[in-house]
Amino acid sequence: KSNKNYKFIKCNIIDKKIYDIFLKYKPVVVFNLAAETHVDRSIDSPQNFVSTNINGTFNLLECFRKYHKNNMSKKKLIHISTDEVYGDILKGRSNEDFPYKPSSPYAASKASSDHLVYSYIKTYNVPAIITNCSNNYGPRQHPEKLIPKLIYNIINNKNLPIYGKGLNSREWIYVDDHCEALFKIFKYGKIGEFYNIGSNKNLNNLEITKTLLQIAKKKIKIGSKVKVIFVKDRPGHDLRYAINSNKIKNLLGWKPKVKFNDGLKLTFDWYLKNKMYYGSISKKDILNRFGIK
């Protein structure tokens, strides 16, 4: 915050004043990380996801297109998407040429935004790049997500709800590794290309939970209520996401640095030392079950 090059502006992605912000600050790169997230929420409120992820991306593209047209110096738009656009990958790993088969309103809205960005690259020569990343984890993540939710429940002596039989598998990447990949793509990525960003490390939800409990036992006394319970699965829950990240590794020389267990320890330690973070979030957003329609 003390850096003279830092400025925080609170603005909705569907607000047209984004163009004025571009004109004032003249960014050389725009990273579009603005999105409604969490599949469960998209099951309850799909309209929000269409509004932000599709209409919001459209507005951002229009503002950026106009900005680029009037200021033709080198600049890039990096659009951050998800591995969920590929749908259920039961075998192997999806590369950048895999077809999109999104299963949830969230994934469908992100897939739509990717298509919009690519259409602006082809039609209007907008200098953009699209990235598709696997599940992120790390400090400061909202506790509606699996890992911070489990950590919250472990710290607060609550049971650990796991969907179905706990066998849904995800590829996990530490947030700092993702950020390094995005910066590398900004510096060296090719306009119009898609880049998968992943760790090649898949774990199911039960494995995540057991690993977290092993870490927690070395830090705190585990309460009697901290037990795994299996709950009704969410509708349309994909069994497995897994992406092939060879393109970014081979062409841009990026690879993840943080091993999963090390990253999980760093994450647990952060939440343990920053319990006030949970207090800044509505308890219903932490404890309520979304996506059971």
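Helix 7 passes helix 9 in a right-handed crossing, a term used when the near helix is turned clockwise from the far one by less than a right angle, anticlockwise being left-handed. The model is a predicted one, in which local features need pLDDT of at least 70 and side-chain atom pairs count only at pLDDT 80 or more, while totals for chains, interfaces and linings use all residues. Residues are numbered from 1 along each chain as its sequence is written, and side-chain values use heavy atoms, with hydrogens and water left out.

Two packed helices are described by the angle between their axes and the distance between the axes. For helix 7 (residues 205-217) and helix 9 (residues 260-273), the angle is about 60 degrees and the axes are 10 Å apart. The two helices are therefore oblique to each other (under 35 degrees would be roughly parallel, over 145 roughly antiparallel, 65 to 115 roughly perpendicular, and the rest is oblique). Where they meet, with contact meaning heavy atoms within 4.5 Å, helix 7 brings Ile-208, Thr-211, Leu-212, Ile-215 and Ala-216, and helix 9 brings Phe-260, Asn-261, Leu-264, Lys-265 and Phe-268.

We turn now to the aromatic rings. A search of the whole structure finds 18 aromatic pairs, where rings of Phe, Tyr and Trp (its six-membered ring) pair if their centres lie within 6.5 Å, and planes under 30 degrees apart count as stacked, over 60 as edge-to-face and the rest as tilted. The rings of Tyr-118 and Phe-194 have centres 5.6 Å apart and planes at 50 degrees, so this pair is tilted. Because Tyr-118 belongs to helix 4 (residues 105-124) and Phe-194 to strand 7 (residues 194-197), the pair ties together parts that are 76 residues apart in sequence. Tyr-118 is partly exposed, at 33% relative accessible area, whereas Phe-194, at 18%, counts as buried (buried means under 20%, exposed over 50%, and partly exposed in between, with a 1.4 Å probe and protein chains only).

Tyr-120 and Tyr-124 form another tilted pair, since their ring centres are 4.8 Å apart and their planes stand at 55 degrees. Both residues lie in helix 4, four residues apart, which is about one turn of the helix; Tyr-120 is buried, with a relative accessible area of 5%, while Tyr-124 is partly exposed at 39%. Elsewhere, ring pairs link Tyr-152, Trp-270, Tyr-271, Tyr-277 and Tyr-278 into a cluster.

Terms used:
Axes fitted to C-alpha atoms, helices over the stretch in contact; angles between N-to-C directions.
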